[in-house]
Amino acid sequence: FLEKTNGTFNQINEFALLQTGCTAGNGDSIVGCCYNNQLLLKGLLLSSSLSMMEIVNNSSDTVLKHTHSLLSQQRKQISEQLSTPKDERILNVDSLEKAANETERQLVKLSSAFADQQEQFGYTWQNVQKTLQTGEVAIEFVKIKHSIFRHDSLKTDSCSYAALVLKPGDVFPQFIALCNQESLEKFLTRGDENDFDLVKRIYSSNTATILYDLLWKPMESVLAGCNKVYFAPAGQLHQIAFTAIPMPSGKLLSDEITLVQLSSTRELIKGSNDFVFTSGYAMAFGGISYESDSLLANELSRFHAIPADSIQNQFRKASTTNQNAWSYLPGTLQETEKIRDILGKKGIYMVSYQGASATEEKFKNLSGKSPDILHIATHGFTVPLGDKNEAYKVFENSFVQNFNPLFRTGLLFAGANRTWNGGKQIRGIEDGILTAYEAGQLDLSKTSLVVLSACETGLGTVKGSEGVYGLQRAFKGAGVRYIMMSLWTIPDEQTAELMSLFYGKLASGETIRKSFAYAQNEMKKKYAPYYWAGFVLIE
């Protein structure tokens with residue numbers, strides 16, 4: 001449905017944007033329609049999945065629960081097969097996906113309550129506006145492909161970005177053209193730069209506030225007097241650290257305005273639910289060993305009730321190389337231990353898994369009974385498609401070669417090197433590589449916050465109105481309310497410092513949003529944007 005109707009929605013956006021440049025008042029009502037469309041479309045599939053999970057969890061219908069369990073099993077089989085090299089697969093993936101789709105249809109038909117959930121897809125911009133206080137603004141960013149209706153400054157078939165801006169008291173939202181995609185991509189293109197040099201160039205005042213001119217200056221007059229902006233990115237804007245955008249005054253955007261990033265401004269309609277951590281418990285994974293050794297064999301032996309000698313023998317048969325693709329991260333152990341100390345002083349209990357005990361099995365076993373806060377400090381990976389995957393193309397595993405973006409991004413747990421280096425999968429034992437697809441199949445709805453203290457966990461493939469197909473989508477799909485993740489690699493020392501500031505404030509009774517803002521503001525006083533702005537908090 002989305003693929004077939006996307007062109008029509010795009011044309012409505014394009015037409016409305018051109019109308020706003022005509023006589024005052026023309027196109028106002030259609031701009032309201034465009035805002036409503038964004039509330040409907042952004043994360044439509046994700047919202048539907050979350051609604052279904054909530055219904056199943058609260059239902060006493062045994063048939064409904066059985067059907068949902070069957071769907072989970074089918075998706076698990078899909079995951080296992082797609083994580084296995086093609087020549088080793090024993091089941092047909094296309095047939096599995098067809099069966100899973102049919103089970104999902106049956107699930108919807110069985111649930112009368114699901115029909116009642118559809119009211120959330122009738123939200124309007126007026127619903128969002130009612131939540132805004134004086135000085136607050138909601139922005140839905142939009143990516144538009146120009147095809148039928150032309151603007152003099154844009155080529156046919158080019159793309160541009162625009163903003164639907166909503167303020168308290170507005171008769172209609174305002175549609176503001178920002179920049180064309182070509183200009184933005186040209187500025188953001190890495191070339192031969194490493195992360196440090198790229199971030200320094202993009203977020204340095206020496207670049208003459210190019211990013212500000214492209215994305216924020218066109219909204220200046222409309223945003224005059226506002227002090228808080230709720231915004232939902234689109235397209236490549238998901239990869240922008242808005243808090244670090246330099247302004248003409250020499251300050252950063254976050255120095256002047258409080259910025260709150262949302263997956264959709266639809267989240268505002270659900271009401272304020274900013275989590276305060278006063279009870280419950282936290283769990284952390286850090287200081288992980290990525291090798292398949294005797295310690296891991298003993299750990300898996302206890303979990304699976306299989307003799308350790310048998311598992312170790314299978315390790316030897318499965319391994320193809322002794323290469324250490326992923327190295328141990330000592331800073332992650334220190335980071336998680338520091339967090340445990342901070343929380344412990346406030347009487348908050350934290351379970352910690354490290355070394356060989358930090359297995360994928362233990363993580364997946366959290367489904368349905370997850371902690372209030374989940375902190376994961378490990379390697380993360382996001383394999384880009386095409387010629388951009390220089391760092392990964394030397395590996396010939398199923399993750400690098402897979403075309404599904406949810407299998408090309410993930411997190412590493414104990415023993416991951418064996419599989420990453422091409423070792424054969426051991427039946428009945430997890431491979432140590434948690435893909436975004438697998439994470440999205442879990443039920444983590446009891447978890448308010450997931451912190452992904454790993455490299456580039458905020459990246460992924462942007463797919464239309466559904467946003468970033470990666471770990472962000474996966475953990476949202478698993479039912480998590482807040483996700484903290486990174487857009488680039490941040491050094492261990494500064495990561496640990498930021499996390500200590502964040503958890504210290506959170507443990508004192510502050511909300512997640514304010515604790516995150518506090519941590520970034522404190523880091524901002526000491527460091528350049530490279531060392532703190534890469535972390536983003538998404539609701």
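Tutor: Helix α4 covers residues 62-82, and its 21 residues reach 30 Å from first C-alpha to last. That is close to the 30 Å expected at 1.5 Å a residue, where the expected span is 1.5 Å times one less than the number of residues. Helices (H or I, at least four residues) and strands (E, at least two) are DSSP runs numbered from the N terminus. Please keep in mind that this is a predicted model: local features need pLDDT of at least 70, side-chain atom pairs count only at pLDDT 80 or more, and totals for chains, interfaces and linings use all residues. Residues are numbered from 1 along each chain as its sequence is written, and side-chain values use heavy atoms, leaving out hydrogens and water.

Along the helix, the buried residues are Leu64, Thr67, Leu71, Gln74, Ile78, Ser79, Gln81 and Leu82. Here buried means under 20% relative accessible area, exposed over 50%, and partly exposed in between (1.4 Å probe, protein chains only). An α-helix has 3.6 residues a turn, so residues three or four places apart point the same way.

Now for the packing. A nonpolar core is a set of buried Ala, Val, Leu, Ile, Met, Phe, Trp, Tyr and Cys residues joined through side-chain atoms within 4.5 Å. The largest one has 133 residues, of which Ile139, Phe141, Trp216 and Phe475 touch the most other members. Helix α20 (residues 492-507) gives this core its largest share, six residues. Beyond its neighbours within four places in sequence, Phe475 is in contact (heavy atoms within 4.5 Å) with residues including Phe363, Leu411, Val450 and Ile483.

Ile483 leads us to the strands, as its bridge partner in β16 is Ile538. Strands β15 (residues 482-486) and β16 pair in the antiparallel sense over four bridges; pairing requires that DSSP find at least two bridges between two strands. From β16 (residues 535-538), Phe535 and Leu537 point one way and Val536 and Ile538 the other, all of them buried.

Phe535 is also one of the contacts of Ser453, a residue of strand β12 (residues 449-453). Ser453 counts as buried, at 7% relative accessibility. Its side chain makes a polar contact with that of Glu335 at 2.8 Å. A polar contact is a pair of N or O atoms within 3.5 Å; within protein, one must be able to donate a hydrogen and the other to accept it, and residues adjacent in sequence count only if both atoms are side-chain atoms.
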